[in-house]
Amino acid sequence: MECYNLQRQAACLKKSLFDQGYLDEQFYQIEDLQDEASPNFTEEVASLFFKDSARLMTNIEQAMEKNPRDFNRWDAHMQQLKGSCSSIGASRMKNECTSFRNSCGDENVKGCMKSFQKVKWEHGVLRQKLESYFQLLRQAGPAETATRHGGA
């Protein structure tokens, strides 16, 4: 019974991530690649995303410090991060990346700084929420395929 409750909690948490716009359909695509041969595939992809995105955000921060008002450079770095966000389905982060890039196009330093702070915030929130989700999945053990896309 406890495993069922943990699986249900995990399904509800994942549903809330979609309902609140943190994740989009791309996340389902990654989950669909998970199988018995690689039961932790989705978690491993997420872990790689967070490691890579942290590196990309550091690159953006350094570019903003070392190359003030070099909007083309800033935009190029943010495009990389936006691609990473798209590949895992990190919708809110991706949207903030778009806002940053729009501010680059407008040569709006304050807009870029504000959007970049939001990108970092969304990154931290998503990381915490996905860590909780994966922890619930590990505690619950193997789940039935029917709960993969939000069903209970």
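This report describes the helices, helix contacts and selected residues of a predicted model.

## Overall architecture

The chain contains 6 helices and 0 strands, and its elements follow one another as α-α-α-α-α-α. The C-alpha trace extends over about 55 × 30 × 20 Å along its principal axes.

Of the 152 residues, 37% count as buried. Among contacts in the chain with a separation of 6 or more, 69% come from residues 24 or more positions apart. A11 belongs to helix α1, residues 2-19, and is buried, with a relative accessible area of 8%.

## Helices α5 and α6

Helix α5 covers residues 91-105 and helix α6 covers residues 109-140; they pack at an angle of about 165°, with axes 8 Å apart. Angles over 145 degrees count as roughly antiparallel, and α5 and α6 are therefore roughly antiparallel to each other. Their crossing is left-handed. On the α5 side the contact is formed by R92, M93, E96, C97, S99, F100, S103 and C104, and on the α6 side by G111, C112, S115, F116, K118, V119, E122 and H123. Sorted by class, this contact has 7 nonpolar, 5 polar and 4 charged residues.

S103, a residue of helix α5, is buried, with a relative accessible area of 10%. Leaving aside residues up to four places away in sequence, S103 touches N108, G111, C112 and S115. Of these partners, G111, C112 and S115 are also listed on the α6 side of the helix contact.

Helix α2 spans residues 25-32, and its buried residues are F27, Y28, I30 and E31. Viewed down the axis of α2, these buried residues fall within an arc of 160°, so they line one face of the helix.

The axes of α2 and α4 come within 6 Å and cross at roughly 60°. In this contact Q26, F27 and I30 of α2 meet S86, S87 and I88 of α4. The contact has 3 nonpolar, 3 polar and no charged residues. Of the α2 residues involved, F27 and I30 are among those buried in that helix.

## Loop residues with positive phi

Most residues other than glycine have a negative phi. Which loop holds R69, and what is its phi? R69 sits in the loop between α3 (41-66) and α4 (71-88). Its phi is positive, about 65°, although R69 is not a glycine. R69 is exposed, with a relative accessible area of 52%.

E107 also has a positive phi, near 55°, and is a residue other than glycine. E107 is located in the loop between α5 and α6, the two helices that pack at an angle of about 165°. With a relative accessible area of 51%, E107 is exposed. The cut-off for exposed is over 50% relative accessible area.

How values were computed:
Residues are numbered from 1 along each chain as its sequence is written. This is a predicted model: local features need pLDDT of at least 70, side-chain atom pairs count only at pLDDT 80 or more; totals for chains, interfaces and linings use all residues. Side-chain values use heavy atoms; hydrogens and water are left out. Axes are lines fitted to C-alpha atoms, for helices over the stretch in contact, and angles run from 0 to 180 degrees between N-to-C directions. Helices (H or I, at least four residues) and strands (E, at least two) are DSSP runs, numbered from the N terminus. Angles under 35 degrees count as roughly parallel, over 145 as roughly antiparallel, 65 to 115 as roughly perpendicular and the rest as oblique. A crossing is left-handed if the near helix is turned anticlockwise from the far one by less than a right angle, and right-handed if clockwise. Contact means heavy atoms within 4.5 Å. Ala, Val, Leu, Ile, Met, Phe, Trp, Tyr, Cys and Pro count as nonpolar, Asp, Glu, Lys and Arg as charged, and the others, Gly among them, as polar. Buried means under 20% relative accessible area, exposed over 50%, partly exposed in between (1.4 Å probe, protein chains only). The arc is that of the directions from the helix axis to the C-beta atoms.
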